[in-house]
Amino acid sequence: MTDIATRATRVVQSPGGRRRLNGGGPRAGTIFAFVIPFFLPFVLFYLVPVGYALWQSVRVVRRTGGQYGTSYTTFGGFDQYEKVLQNSEFWSSVGRIGLFGIVQVPVMLFVALVIALLLDTPLLKLKSVFRITAFMPYAVPGVIAAIMWSYLYSPQLSPVVDLLNDMGLKPDFLGPGAVLWSAANISTWLWTGYNMLIMFSALQSIPQELYEAAKLDGASNWAIAWRIKVPIIAPSIVLTTVFSIIGTLQLYAEPAVLRQISSNISSTFTPNMLAYAVASGNNYQQAAAISVVIAVITFVLSFGFMRLTSKRAGL
């Protein structure tokens, strides 16, 4: 022990040792060179737009000389936020997207979990084929997927609708009571493979010795899946749930595409569609306020969910 301390002291006291302690790591310029490829786009394409949206949201357009007078933009405090919170269309869109998330997110994550567990079982053959097949929808851009499904939903074009009509079912996928769930089906088809991959990756990190010990104790494959695998990958399930909550409040592409073939989707169907519609009317300040409120709601829901589940999931 004394010899180790003596050698360490000599290293510290030597000129080379002092150089290693004082500046042996990478120089500040080198560190900055590695950080700037991330930091610069982060500032330009994230912090600057967020700051600009916040700045726009506290400004209002006023006029001098009546309705046809000169307009000017000035600081308005929380006037735009007050208008957003009093906007019934905004709260209707939030309620609609809340119902969407309450149903769609659990269904999607349950299907993703089941697929991940099936891919992880030793009883399944051709795992790589099934894994690629389950993940392939995620590779399709959201707008393209919505266009594909709108073709299947359209009563004039869809062979699926024709087949169901021949069976006497008479479906109306674009009707007022079904169009929200038609959009939910597109989102589920798109994102199930992505969430499945996260869960499957977590399953692959579980030591095989744990399964062998469980089998020695007489545990079945079903018991191993639901009593060992699922609790261990709970942090991944929480993570995918948070991602899904954020994605739900950002829903835009699917209903926007379906709106082209259905009169039951308005321009204010989702909060993001409302923000876009308001901005299209050149009211950028209120659109910015809507965006900020959506961001706050997203943060509260996702952070609240993580707080509620972090202790149980071991985060």
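1. A charge is taken to sit over a ring if NZ of Lys or CZ of Arg is within 6 Å of the ring centre and within 35 degrees of the ring normal. In this predicted model, the charged end of Lys229 meets that description: it lies over the ring of Tyr211, 5.0 Å from the ring's centre.

2. Aromatic contacts form the next topic. A pair of aromatic rings is described by the distance of the centres and the angle of the planes. The structure contains 15 aromatic pairs. One of them joins Trp191 and Tyr194: the ring centres are 5.6 Å apart and the planes stand at 90°, so this pair is edge-to-face, given that planes over 60 degrees apart count as such.

3. Both Trp191 and Tyr194 belong to helix H9 (residues 179-204), where they are 3 residues apart, about one turn of the helix. Trp191 is partly exposed, at 36% relative accessibility. Tyr194 is likewise partly exposed, with a relative accessible area of 23%.

4. The contact between these two residues is part of a wider arrangement. Ring pairs connect Phe135, Tyr138, Trp191 and Tyr194 into a cluster.

5. Is Tyr46 buried, partly exposed or exposed? Its relative accessibility is 47%, so Tyr46 counts as partly exposed.

Key: Residues numbered from 1 in each chain as written. Predicted model: local features only at pLDDT ≥ 70, side-chain atom pairs only at ≥ 80, totals over all residues. Heavy atoms only, no water. Phe/Tyr/Trp six-rings, centres within 6.5 Å; stacked < 30°, edge-to-face > 60°. Helix = DSSP H or I, 4+ residues; strand = E, 2+ residues; numbered from the N terminus. Buried < 20%, exposed > 50% of the residue type's maximum accessible area, 1.4 Å probe, protein only.
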